Amino acid sequence: MRTSTPNSSSRRGRWSRPATLAFAALALTGLGTAAPANATTPSTKVTWADTPCATPKKAGELACNSLRVTGGRTAFQQQHGITPKAADAATPSGYGPSDLQDAYGLTSAAASNGSGETIAIVDAYDDPNAEADLATYRSHYGLPACTTAGGCFKKVGQTGSTTSLPTADSGWAQEISLDVDMASAVCPQCSILLVEAKSATMANLGTAVNEAVSLGAKYVSNSYGGSESSSDTSYDSSYFNHPGVAITVSAGDAGYGAEYPAASKYVTSVGGTQLAASSGTRGWTESVWNTSSTEGTGSGCSSYDAKPSWQTDTGCGKRMISDVSAVADPATGVSVYDSYGVTAGWYTFGGTSASAPIIAAVYALAGTPSSGSYPAEFPYAAPSALNDVTTGSNGTCPTSYFCTATSGYDGPTGLGTPSGLDAFTG
């Protein structure tokens, strides 16, 4: 049984290096590019730390893949001339729904699609304030209300009970707030089903995935992971083999290296990017998210999981991570409202815990997957319908595309980031 993410021992309790080191590293290796004219680049003074759930509470538990900004001015703040420090919690300091929808070509779809679709969020432990915090987020951004009373929001334990819930945990509550807010940001018309596992073991989280599917969710987001093990193929069949359901999993935050369940051949593994406004035609620019040798988006060639038929890269004989990607760099992070165990307010988060629910919500906007399909295959049928990310690296690897962005497929960003819905239908 895995107990932590790759390189997790070096991440525990560690404050991030200022973002400037990532740019310096890329420049030294020839992987960086000059920012486009009038681009909003991440601040060199943004700092962040792992959320508490990024360190497993007990042996045998998996880690969440999120980080919270603790200081400096984010890319969003610079773009809009906002001066308060990002950590003061009084006002949003990260990207909101309109930013994400615009960056990924989803503005029209978000306004018209998603009604009747349910996105399930699977996390560990309980967030007692999940519904109230979500209401604050949605109200602030002018999104329609999503409440239990209105039938839009539902919170259950891993057995489906609405009353028998896990023990509350402030670290996982931050993760839950991030996940439900990102699902709301991208698909505001969607309903949200929060399924809380009683602990962060694969058995309990996997049971929660199965419960989400049994309750009718066609889109299931998972923002956790750990090192691979020989048990993974059995976990695949027990928890993640759900044809006709789009299951997204974050690729990890420890830089280059494969982790599970992102390595499952039945899921869409989601890498992370640095997202900044640009004067170019798209209006945005992206590169691989990387802070240091032990922090950045995950990627890699699985040691255990078989390669799905739709992956055709030749350097990895087994399952390759990732499939697609979205914003994850804390310096270009997303706004989240949270009140449990912290000062109630607005926080900016990053990590591939942000990108996984974003992609789950894109699938939801695209509509119910066809019966018997594996939605992880959909982007491979329409790679030109994605923003190809071609700059950046997340570490050192034996085969270049495992850790370095390139034209077409690469490990850190997969086939790219959403550019509308065409790559997510099938």
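**View 1. Strand β9 is covered on both faces.** Ala-246, Thr-248 and Ser-250 on one side of β9, and Ile-247 and Val-249 on the other, are all buried (under 20% relative accessible area; exposed is over 50% and partly exposed lies in between, with a 1.4 Å probe and protein chains only). That makes 5 of 5 buried residues for this strand, residues 246-250. Strands here are DSSP runs of E with at least two residues, helices are runs of H or I with at least four, and both are numbered from the N terminus. In a regular strand the side chains alternate between the two faces of the sheet.

A word on the model: it is predicted, so local features need pLDDT of at least 70 and side-chain atom pairs count only at pLDDT 80 or more, while totals for chains, interfaces and linings use all residues. Residues are numbered from 1 along each chain as its sequence is written, and side-chain values use heavy atoms, with hydrogens and water left out.

**View 2. Strand β9 and its parallel partners.** Strand β7 (residues 219-222) runs parallel to β9, with 4 bridges joining them; strands pair if DSSP finds at least two bridges between them. Across this pairing, Val-220 stands opposite Ile-247 and Asn-222 opposite Val-249. Strand β10 (residues 268-277) is also parallel to β9, over 3 bridges, and Thr-248 has Thr-268 as its bridge partner there. Strand β7 also pairs with β4 (residues 118-124), again in the parallel sense and over 4 bridges, with Ile-119 opposite Tyr-219. In β7, Tyr-219 and Ser-221 point one way, Val-220 and Asn-222 point the other, and all are buried.

View 3. Leaving aside residues up to four places away in sequence, Phe-424 touches Ile-359, Val-362, Tyr-363 and Phe-378, among others (contact means heavy atoms within 4.5 Å).

**View 4. Aromatic rings meeting edge-to-face.** Rings of Phe, Tyr and Trp (its six-membered ring) pair if their centres lie within 6.5 Å; planes under 30 degrees apart are stacked, over 60 edge-to-face, and the rest tilted. The count comes to 16 aromatic pairs. Tyr-337 and Trp-346 have ring centres 5.2 Å apart and planes at 70°, so they are edge-to-face. Tyr-401 and Tyr-409 are edge-to-face too, with centres 6.2 Å apart and planes at 70°. Ring pairs also tie Tyr-137, Tyr-141, Tyr-337 and Trp-346 into a cluster.

View 5. A salt bridge here is a side-chain nitrogen of Lys or Arg within 4 Å of a carboxyl oxygen of Asp or Glu, and the count comes to 5. Asp-126 and Lys-155 have their closest N and O atoms 2.9 Å apart. They link distant parts of the chain, 29 residues apart: Asp-126 is in the loop between β4 and α6, and Lys-155 is in strand β5. Both are buried. Arg-319 and Asp-323 meet at 2.7 Å, N to O, with Arg-319 at 0% relative accessible area and Asp-323 at 0%. Glu-286 and Arg-282 also meet at 2.7 Å; Glu-286 is buried at 8%, whereas Arg-282 is partly exposed at 28%.
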